Amino acid sequence: MIPVPSQVRIWLAVGRTDMRRGMQGLALQVQETLGRDPHAGDLYVFRGRSGNLIKIIWHDGLGMSLYAKRLEKGRFLWPSPADGTVSISPAQLAYMLDGIDWRNPRHTFRPPPSARAEFFL
């Protein structure tokens, strides 16, 4: 997991991004498309056309970092380009990186109560 401080803003670059781009190309896209400063300390998330790869750039004050994650199965859920600029919380980013629907997280499995738990109730 990326060590994201709680005060860092996380921005999704809605739409598709050319995943052949590196740090400089993605930072340029932040400036041109989002109209933001990539060196301000915010975290920017990009998704490619296939939807199974995301790249994240972050300037932590010392230097620029590039993170990438590819899902073996499934796709990262992504807002449509009509949504404009989207900001998410660090918890929503953690859900996204795990392949969970970050817009409406919910448990899909609830373990049955054990005999020991019933004893204490």
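Aspartate 42 lies in the loop that connects helix 1 (23-34) with strand 2 (43-47); helices (H or I, at least four residues) and strands (E, at least two) are DSSP runs, numbered from the N terminus. The model is a predicted one, in which local features need pLDDT of at least 70 and side-chain atom pairs count only at pLDDT 80 or more, whereas totals for chains, interfaces and linings use all residues. Residues are numbered from 1 along each chain as its sequence is written, and side-chain values use heavy atoms, with hydrogens and water left out.

Aspartate 42 counts as buried because its relative accessibility is 12% (buried, under 20% relative accessible area; exposed, over 50%; partly exposed, in between; 1.4 Å probe, protein chains only). The side chain of aspartate 42 forms a polar contact of 3.2 Å with the side chain of tryptophan 11, and another polar contact, at 3.2 Å, links it to the side chain of arginine 36. A polar contact is a pair of N or O atoms within 3.5 Å; within protein, one must be able to donate a hydrogen and the other to accept it, and residues adjacent in sequence count only if both atoms are side-chain atoms. With neighbours within four places in sequence set aside, aspartate 42 is in contact (heavy atoms within 4.5 Å) with Val8, Arg9, Trp11, Arg36, Ile57, Trp58 and His59.

The chain as a whole contains three helices and five strands, arranged from the N terminus as β-α-β-β-β-β-α-α. Of its 121 residues, 35% count as buried. Among contacts in the chain with a separation of 6 or more, 58% are between residues 24 or more positions apart.
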